[in-house]
Amino acid sequence: MVYAIVKAGGRQEKVSEGDILVVDRLKADQGSTVELAPVLLVDGDKVTSDAKALAKVKVTAEVIRDERGPKIDILKYKNKTGYRKRIGHRQELTRLKVTGIK
């Protein structure tokens, strides 16, 4: 079992080959390949967390598509003053498929 912990979109994700993950929007075209920065690599019983050894490790992923997350409604209200404010937000996301851990 080979998997890696990678830094992607401001978070750390556990990925193995063939996994699909959703990260914050990346500036990459659909179908292009991106490289993710590994933080930890587990190859069977061998665990690698040394920075020099991880510099040689490459985790590649293919961009499947760009998408938007669910709508989040933010409502502000103050009693007896007539103050009401409504704000909405949808996060820009990118869906990736991990193609290799070398």
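1. A salt bridge is here a side-chain nitrogen of Lys or Arg within 4 Å of a carboxyl oxygen of Asp or Glu. By that criterion the structure holds eight salt bridges. The model is a predicted one, and the points below should be read accordingly.

2. Glu67 takes part in two of the contacts of interest. Its side chain meets that of Arg65 in a salt bridge, at 3.1 Å from N to O. Glu67 also forms a salt bridge with Arg95, where the closest N and O atoms are 3.0 Å apart. This second pair links distant parts of the chain, with Glu67 in strand β6 (residues 59-68) and Arg95 in strand β9 (residues 92-101), 28 residues apart.

3. How do these residues stand in terms of exposure: which is buried, and which is partly exposed? Glu67 counts as buried because its relative accessibility is 16%, and buried means under 20%. Arg65 has a relative accessible area of 40% and is therefore partly exposed. Arg95, at 23% relative accessibility, also falls in the partly exposed class.

4. Arg68 and Glu92 form a salt bridge as well, their closest N and O atoms being 3.2 Å apart. Arg68 is in strand β6 and Glu92 in strand β9, so this pair ties together parts that are 24 residues apart in sequence. Arg68 is partly exposed, at 45% relative accessibility, and Glu92 is partly exposed at 31%.

5. The pair of point 4 does not stand alone. Arg25, Asp66, Arg68 and Glu92 are linked in a network of salt bridges.

6. Thr60 also lies in strand β6. At 23% relative accessibility this residue counts as partly exposed. Which residues does Thr60 contact, leaving aside its neighbours within four places in sequence? They are Thr33, Val34, Val98, Thr99 and Gly100.

7. Strands β7 and β8 run antiparallel and are joined by seven bridges. Ile72 stands opposite His89 of β8. The two strands, β7 and β8, form a hairpin with four residues between them.

8. Is Lys80 buried or exposed? Its relative accessibility is 79%, so Lys80 counts as exposed, the cut-off for exposed being over 50%.

9. The charged end of Lys14 sits over the ring of Tyr3, 4.3 Å from the ring centre. For Lys78 the ring is that of Tyr83, and the charged end is 5.8 Å from its centre. How many aromatic pairs does a search of the whole structure find? The number is zero.

Definitions and conventions
Residues numbered from 1 in each chain as written. Predicted model: local features only at pLDDT ≥ 70, side-chain atom pairs only at ≥ 80, totals over all residues. Heavy atoms only, no water. Buried < 20%, exposed > 50% of the residue type's maximum accessible area, 1.4 Å probe, protein only. Contact = heavy atoms within 4.5 Å. Pairing = 2+ DSSP bridges. Phe/Tyr/Trp six-rings, centres within 6.5 Å; stacked < 30°, edge-to-face > 60°. Lys NZ or Arg CZ within 6 Å of the ring centre and 35° of its normal.
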